[in-house]
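Reader: I'm new to this one. Could you walk me through how to read it, feature by feature?

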Amino acid sequence: TEIYTLSLHDALPILHFGELGYSREARSSYQDFLAARRAGVLPPDVRFQVSLPTPYAVINSFCVQPDAQQILPAYEQAMLGEVARIAAAIPHEDLALQWDVCIEMVQWDGRWQGAPQFPGMEQVFAVMFRRLSAAVPEDIELGFHLCYGDLDAAHFIDPADAAKMTELANLIVQNAGRPVGYVHMPVPAHRTDDAYYQPLAALRLPPGTELYLGLVHVSDGVEGTRHRMSMAGKYVRDFGIASECGISRGRHPSLAKEFMRVYAGAAEAGPAKAPHT
């Protein structure tokens, strides 16, 4: 399988990536999705979600500067080709596509030494997120997962509070140039204090864009999840619940099932009431 080719023309390197494999895996997984839906395991209106890392996050994780700046355009073109192939293979009414925003998130946060901030970062990110959004047909649900990393089920750094995620979410939806279906933000299990959630009051999501808070944790189950829901409800009115950064990567299947049990228990109890202060 071709990964890349490199040629020289007038002493300038021209880099080309072949297929990256995401569309191939998505097509295969979609067949399992269809089988589960036909069997009644999944309801008829549920969408098949494909999550893709942003090209920026991949290249800036594995390539050093200044080479990364030269490699990124070619890799982005290849990744957008994957999006086009996914969109061509899967009916749009069945599909949700999520961009996983990790390196950009911790770089915007500014506290992780592995991704320092740089001058003009806001404008670079604004233009980049517009390109990534434009690559997804408007009749496909588009979402963004703001990620602080997940290495052995732990963040690269924990968010100090929701402020930086709120800022980046506002930047994304303001520059997407098309409807954004949802934004997801993680919530560490131990954060049950007002200081974490208060910045959510500055969130400016347009009508039709949903907020999902990753506050479902197995460590303290339904009770802890409901408590985090009630704290968030003091500062943001409508939101859905999710796990912090996926439910199965690097974990045992039994833990994934326990996540689903907590999801169901927390959702079944309905919206949590904000505690009185």
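Predicted model: local features only at pLDDT ≥ 70, side-chain atom pairs only at ≥ 80, totals over all residues.

Reader: Okay, is Thr225 buried or exposed?

Author: Thr225 has 0% relative accessibility, so it counts as buried. You'll find Thr225 in helix H8.

Reader: Which residues is Thr225 in contact with, leaving aside its neighbours within four places in sequence?

Author: There's Leu215, Val216, His217 and Asp220, plus Val262 and Ala266. Those last two, Val262 and Ala266, sit in H9, and they are among the residues that meet H8.

Reader: Then how do I read two packed helices?

Author: You describe them by the angle between their axes and the distance between those axes. Take H8 (residues 221-232) and H9 (residues 253-268): their axes come within 9 Å and cross at roughly 55 degrees. That angle makes H8 oblique to H9, and the crossing is right-handed.

Reader: Which residues of H8 and H9 meet?

Author: On the H8 side, look for Gly221, Val222, Thr225, Arg226 and Met229; on the H9 side, Arg261, Val262, Gly265 and Ala266. Sorted by class, the residues of this contact are four nonpolar, three polar and two charged.

Reader: Let me try another pair. At what angle do H2 and H3 pack?

Author: H2 (residues 55-62) and H3 (residues 67-89) pack at about 140 degrees, and their axes are 9 Å apart. Angles count as roughly antiparallel when over 145 degrees, so H2 comes out as oblique to H3. The H2–H3 crossing is right-handed. Among the residues making the contact are Tyr56 and Ile59 of H2, and Leu72 and Met79 of H3. By class, the contact of H2 with H3 has nine nonpolar, one polar and one charged residues.

Reader: And the sheet? What is the order of its strands?

Author: Follow S3-S4-S5-S6-S7-S8: that's an open sheet of six strands with parallel pairing. S3 (48-53) and S8 (240-243) stand at the edges with a single partner strand each, so one side of each has no neighbour in the sheet. On average, neighbouring strands are turned by 30 degrees against each other, ignoring direction.

Reader: How many bridges join S3 to S4?

Author: Six, with S3 and S4 (residues 95-101) running parallel. For one of the partners, find Pro53, which is bridged to Asp100 in S4.

Reader: Where does H9 pack on the sheet?

Author: H9 touches S7 (210-216) and S8, and its direction makes about 165 degrees with that of S8.

Terms used. Residues numbered from 1 in each chain as written. Heavy atoms only, no water. Axes fitted to C-alpha atoms, helices over the stretch in contact; angles between N-to-C directions. Helix = DSSP H or I, 4+ residues; strand = E, 2+ residues; numbered from the N terminus. Parallel < 35°, antiparallel > 145°, perpendicular 65-115°, else oblique. Left-handed = near helix turned anticlockwise from the far one by under 90°. Contact = heavy atoms within 4.5 Å. Nonpolar A, V, L, I, M, F, W, Y, C, P; charged D, E, K, R; others polar. Pairing = 2+ DSSP bridges. Buried < 20%, exposed > 50% of the residue type's maximum accessible area, 1.4 Å probe, protein only.
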